[in-house]
Every structure is written in structure tokens, then in C-alpha cells.
Amino acid sequence: MGKQSDELPVLIAQAGPLNGQRWQINDNKTIGRDALCDVIISDRQVSRMHARLVLTPKGILLEDLDSKNGTHLNGQRLTDPQILQDGDSIQIALVQHFTFLSSDATLPLDDDFLGIQPIKTTLLRLEKRSHRVWIGDKEVLPPLSVSQYKLLEILYDHQQRVVSRSKVIEYVWSADQAVLVSEQALDALVRRLRDRLASIDPAHAYITTIRGHGMRLDNPTIED
């Protein structure tokens, strides 16, 4: 006997053109721009066949279909298929965010998702394929240097969470060079990036240093 409808996993669209829509996952579902997809996102940044949800004995598997702009799971670009967990955040390109719930019965009646933070459109945005950065409707020009962009990228992928200094150094300079990078070099890079962001938006201090722990990106959301 099949599951009751309120016991089925559910995909909920949040920030993006499909905001507010939801799909019960009772079979495999494709996500993309093509009209044949089960979840259609009509945006050129989304590949025709972008990602797929697959029912397996272990749960719902999320798979990227070699999309150009990537599929992100909880802020990390998906390289291998992953089994979804209750409350997981899914991002399709820079266009559409979803939350996965393991059962429709767990969906609350309000918008707080019982502690699961809804994903909203943020003021600072990255386009990873082109390494372009926007704050609101203003692009950061001239483009950031490679090291500035990589610093911003790792904080963006973990925004609102603290990233250790050692992890930042390893990501920006690579593991081989990380042992040669001084704390002063990292501090100087952070200052330069802060100055670049402040030249566009002096009202917000995007990069916050947490003494003894690391740093985080405080990225304001754009309210509707």
C-alpha cells in the first residue's frame, strides 16, 4: 500500500519565480527550463534539464544533470548525487531556492518552517560561472581580484555561519600554499574586500570578524 499523501516528501519553492509553490515527491522529478520538466523554471540561467530528484530505497536522491550554473545543496555546489535530509536547502543556479521536507505532514501552518530559515533574496549576489558580483542592482566594478573573489565565495557559500580562518586560507590560497600564508596577509585581503564592498554599499558591513573563531558574511535579505 502506498503512502498517505501527507506522508510524502515535499519540495517547497521559496525565493525565486516559483515562490510559494510545492510538489509532493511520489516519483522521480526533473527540474529545469524545458517544458517537459516536472518543475519548470523559466529563466535562461537554468539549464533545460538542470537537476533531478530520484526515489531510492534510501530516500530522495538529488542529482545535478551537468548544468552550466550548478545545483547547490546547503550552500555547497553539488558534485555527486546526495540523499536529501529533512530541511535541506536546494539552490538551482542563482534563480530558485527550495526547501526539502521529508514529509508533507511536517509542514507547519506558518512561514517559519519550525526553525528552518526560509531562503530569501539577498542583497549581495554572486554569479559563479562569470565570477561577477552584485550588491542590489549595482555590479561590483572593476571585478574583484581572484583572491578577493575566492574569499567572498567561501563566505557566501556559508553565509550567516562562521568560517574558520584556517579554512578560509586553505580555500583562497590552496592547501599547498596555505602553510606559507601569514595572518597579516589574510587580514589585508579582508580589508581590501571590505573596502571594495563598501564602495558600493557603505551602509552594510558584510564581513564580520568573530575573534578567536573566524569570520562570516552577514548578507541582508531584500524584503518583498
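Modeller: One convention before we start: helices (H or I, at least four residues) and strands (E, at least two) are DSSP runs, numbered from the N terminus. This is a predicted model, in which local features need pLDDT of at least 70 and side-chain atom pairs count only at pLDDT 80 or more, while totals for chains, interfaces and linings use all residues. Residues are numbered from 1 along each chain as its sequence is written, and side-chain values use heavy atoms, with hydrogens and water left out.

Colleague: Fine. Which peptide bond is cis?

Modeller: The bond from Leu141 to Pro142 is cis, with omega near -5 degrees, and Pro142 sits in the loop that links strand E14 (138-139) to H1.

Colleague: And the backbone at Asp66, is phi positive or negative there?

Modeller: Phi of Asp66 is positive, at about 55 degrees, although the residue is not a glycine. Asp66 belongs to the loop between strand E6 (59-64) and strand E7 (71-73).

Colleague: Is Asp66 buried or exposed?

Modeller: Asp66 counts as exposed because its relative accessibility is 74%, given that buried means under 20% relative accessible area, exposed over 50% and partly exposed in between (1.4 Å probe, protein chains only).

Colleague: What about Asn74?

Modeller: Asn74, which is not a glycine either, also has a positive phi, near 55 degrees, and lies in the loop between E7 and strand E8 (76-77). With a relative accessible area of 34%, Asn74 is partly exposed.

Colleague: Switching to the helices: how do H2 and H4 cross?

Modeller: The axes of H2 (residues 165-173) and H4 (residues 183-200) come within 11 Å and cross at roughly 80 degrees, the axes being lines fitted to C-alpha atoms, for helices over the stretch in contact, with angles from 0 to 180 degrees between N-to-C directions. H2 and H4 are therefore roughly perpendicular to each other (65 to 115 degrees; under 35 is roughly parallel, over 145 roughly antiparallel and the rest oblique).

Colleague: Which residues meet there?

Modeller: On the H2 side they are Arg165, Val168, Ile169, Val172 and Trp173, which meet Glu183, Ala185, Leu186, Asp187 and Leu189 of H4; contact means heavy atoms within 4.5 Å.

Colleague: How do H1 and H4 cross?

Modeller: Their axes come within 10 Å and cross at roughly 85 degrees, so H1 and H4 are roughly perpendicular to each other. H1 contributes Ser147, Gln148, Leu151 and Leu152 to the contact, and H4 contributes Leu189, Val190, Arg192, Leu193, Arg196 and Leu197.

Colleague: Which residues of H4 are buried, then, and what do they pack against?

Modeller: The buried residues of H4 are Leu186, Ala188, Leu189, Val190, Leu193, Arg196 and Leu197. Their packing partners are strand E12 (124-127), strand E13 (132-135), helix H1 (146-157), H2, strand E15 (207-210) and strand E16 (214-217).

Colleague: How many residues are in the largest nonpolar core?

Modeller: It has 27 residues, and those with the most contacts inside it are Leu124, Val133, Leu151, Leu152, Leu155, Val168 and Met215; such a core is a set of buried Ala, Val, Leu, Ile, Met, Phe, Trp, Tyr and Cys residues joined through side-chain atoms within 4.5 Å. At least two residues of this core come from each of E12, E13, H1, H2, H4 and E16, and H1 gives the largest share, six residues.

Colleague: What does Val168 touch?

Modeller: Leaving aside its neighbours within four places in sequence, Val168 is in contact with Leu151, Ile154, Leu155, Val163, Leu186 and Met215. There is also a second, separate core of 22 residues, including Ala51, Leu84, Ile92 and Phe100.
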